[in-house]
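Hello,

Here is the structure we talked about, with notes on what was found in it. Please read the notes with the model open beside them.

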Amino acid sequence: MDGNRNNSIEINKEEFRKIGHQLIDDISDFLSSIDKKPVTIKESPSQLQSILGNTSLPEKGTPATELISRATDLLLNHSLLNGHPKFLGYITSSAAPIGALADLLAASVNPNVGAHILSPMATEIEKQTIQWLAEFIGVSPNYGGILVSGGNMANFTAFLAARTAKAPKSIKEDGLSNISQKLTIYCSKTTHTWVDKAAILFGLGTKSIRWIQTDSSNKMDNKVLEETIKEDIENGFKPIMVIGTAGDVSTGVVDNLKGISTICKDYDLWFHIDGAYGAPATIIPKYKNLFDGLSEADSIALDPHKWLYSPLEAGCTLVKNPQHLIDTYSSHPEYYNFSKDENEIAQNFYEYGLQNSRGFRALKVWLSLQQIGKSGYEKLIGEDIELSELLFDLAKKNPELEAVSQNLSITTFRYIPFNSKDDNDYLNKLNEELLNALQTGGELFLSNAIVNEMYCLRACVVNFRTTKKDIKEIIDIIIREGRKTNLKLQQRKVN
Ligand SMILES: *Cc1c(COP(=O)(O)O)cnc(C)c1O
């Protein structure tokens with residue numbers, strides 16, 4: 001080992017180049033023909049296991065060329081392709097290709113973005129990214145924050161900051177058990193399930209969540225919200241936070257944020273907005289009003305890995321007064337020598353959130369924001385919304401479809417047989433079976449939503465590869481498969 005360690009994990013320059021070039025060739029072939037592949041090839045877990053082979057931990061090494069080549073085959077040929085133009089399920093976007101290059105570069109330098117001294121340029125890039133994200137959604141550039149793994153973590157990060165800010169000051173030392181009043185939080189029934197996890201994680205318990213009913217337009221009923229807060233105060237509870245949703249995960253509805261903000265001011269509550277999916281749509285002039293009140297929020301969660309088309313994972317917490325994050329998360333152990341420059345303050349991201357060592361998520365977001373700029377996003381997000389509206393209109397015109405809801409880029413609808421006199425139970429069963437058939441068929445990928453007790457097909461367009469032609473073809477596929485599924489169910493009834 002005298003200066004020449006036989007280092008089996010290093011890849012020499014020539015070999016790295018060769019493997020890398022091959023990988024890039026394979027990826028560019030994959031991306032340029034993704035529309036010609038099935039969205040998914042229905043392989044069961046056991047089929048996949050047998051492809052992988054049931055081998056135990058390898059004792060000896062295998063050359064990197066061989067490994068990368070096999071991994072490329074496994075992933076490119078046995079994955080569900082959410083980059084496919086007909087993938088419109090859940091809220092998972094096609095990933096901007098520049099993100100793949102960004103992740104390769106980020107992993108190669110491997111900055112630890114927990115502390116400035118360990119990641120000087122990466123930290124500054126993350127700070128700039130966060131500032132741009134605040135600008136993107138039109139809030140004050142004084143908002144600060146942190147990139148996290150996704151919407152759940154972004155909401156958690158804000159939740160604990162809210163608890164620190166609004167619960168009695170002793171909570172950081174004494175925990176919840178020394179607090180005489182029970183803390184309560186408020187959100188609409190449509191709020192994403194992260195809130196259950198947060199209530200458990202941060203010790204409030206799920207009974208502390210007041211699920212506020214929605215009005216006829218499916219927004220949180222702010223009148224009921226205020227009454228519930230008043231009632232809780234009278235009964236000795238301590239309300240700390242209201243959560244507004246900017247684009248709910250089922251149907252894309254944006255709460256009346258302005259109204260919530262007023263209530264939060266009146267009762268001195270933290271105003272958090274979950275804009276994981278919807279917040280970027282504020283960039284569309286036509287939709288700006290829908291988000292009135294966004295810039296009043298104490299904290300906002302948004303997900304670059306949804307409507308900004310970043311590859312997984314990238315979420316972001318923005319906080320109006322970032323000092324709240326430091327109050328919540330900062331600590332100064334003796335083993336950290338992250339001292340400040342003479343005059344300049346170096347920002348250490350470990351003080352802004354739950355993670356300590358942190359990867360360089362910002363690069364892929366930072367690059368795509370520059371690759372297409374604000375105007376590029378305005379165009380793509382606007383088109384996603386138009387495609388969703390087109391789907392709704394086509395469903396509305398089609399006698400075998402019922403268009404149910406359309407908000408932002410989410411459309412829900414269902415298949416109804418010609419001259420159907422079927423009851424809702426049958427239609428629910430029919431559409432559930434239809435969705436299962438569609439999801440395994442490989443031609444497209446949708447998910448589901450329950451709207452007013454109707455089991456609906458749900459399409460969420462956060463996909464820059466989807467075209468009008470795709471939307472029209474999706475309608476045709478659904479009609480064809482809907483008829484087939486109906487026939488199958490009818491025959492089952494008879495037999
Ligand atoms: C997607 C989503 C989440 C969860 O985000 P992840 O990135 O999946 O953790 C939370 N809230 C809303 C409104 C969402 O759309």
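**A buried aspartate**

The side chains of aspartate 384 and tryptophan 307 are joined by a polar contact of 2.9 Å. A polar contact here is a pair of N or O atoms within 3.5 Å; within protein, one must be able to donate a hydrogen and the other to accept it, and residues adjacent in sequence count only if both atoms are side-chain atoms.

This is a predicted model, in which local features need pLDDT of at least 70 and side-chain atom pairs count only at pLDDT 80 or more, while totals for chains, interfaces and linings use all residues. Residues are numbered from 1 along each chain as its sequence is written, and side-chain values use heavy atoms, with hydrogens and water left out.

Aspartate 384 is found in helix α13. Helices (H or I, at least four residues) and strands (E, at least two) are DSSP runs, numbered from the N terminus. Aspartate 384 is buried yet has no salt bridge, and lysine 379, the nearest side chain of opposite charge, is 9.6 Å away. For these terms, buried means under 20% relative accessible area, exposed over 50%, and partly exposed in between (1.4 Å probe, protein chains only). A salt bridge is a side-chain nitrogen of Lys or Arg within 4 Å of a carboxyl oxygen of Asp or Glu. As to charge, Lys and Arg count as positive and Asp and Glu as negative; His and the chain ends are not counted.

Not counting residues up to four places away in sequence, aspartate 384 touches Trp307, Tyr309, Ser409, Val461, Val462, Asn463 and Phe464. Contact means heavy atoms within 4.5 Å.

**Salt bridges**

Over the whole structure, a search finds 19 salt bridges. One of them joins lysine 379 to glutamate 383, with the closest N and O atoms 2.8 Å apart. Lysine 379 and glutamate 383 are four residues apart in helix α13, so about one helical turn separates them. Glutamate 383 counts as partly exposed because its relative accessibility is 31%.

Arginine 414 forms a salt bridge with glutamate 402, and here the closest N and O atoms are 2.7 Å apart. This pair links distant parts of the chain, with arginine 414 in strand β9 and glutamate 402 in strand β8, twelve residues apart. Arginine 414 is buried, at a relative accessible area of 6%, whereas glutamate 402 is partly exposed at 27% relative accessibility.

Glutamate 433 forms a salt bridge with arginine 492, the closest N and O atoms being 3.2 Å apart. Glutamate 433 is in helix α14 (residues 424-441) and arginine 492 in helix α15, so this pair, 59 residues apart, also links distant parts of the chain. Both count as partly exposed, glutamate 433 at 25% relative accessibility and arginine 492 at 45%. Salt bridges that share partners also join Lys86, Lys469, Asp470 and Glu473 into one network.

**The sheet and its helices**

Four strands form an open, antiparallel sheet in the order β8-β9-β11-β10. Because β8 (401-407) and β10 (447-451) stand at the edges with a single partner strand each, one side of each has no neighbour in the sheet. From one strand to the next, the twist averages 35°. Strands β10 and β11 (residues 454-460) pair in the antiparallel sense over five bridges; two strands pair if DSSP finds at least two bridges between them. Valine 451 stands opposite methionine 454 in β11.

Helix α13 (residues 362-397) packs on the sheet, touching β8, β9 (410-415) and β11, and its direction makes about 155° with that of β8. Helix α15 (residues 468-494) lies across β8, β9 and β11, running at about 35° to β9. Axes are lines fitted to C-alpha atoms, for helices over the stretch in contact, and angles run from 0 to 180 degrees between N-to-C directions.

**Two loop residues**

Glutamine 347 is in the loop between α12 (323-329) and α13, and at 16% relative accessibility it counts as buried. Leaving aside neighbours within four places in sequence, glutamine 347 is in contact with His116, Thr123, Lys127, Gly145 and Tyr352.

Serine 79 lies in the loop between α3 (64-77) and α4 (97-109) and is partly exposed at 25% relative accessibility. The side chain of serine 79 reaches the backbone oxygen of leucine 75 at 2.6 Å.

Regards
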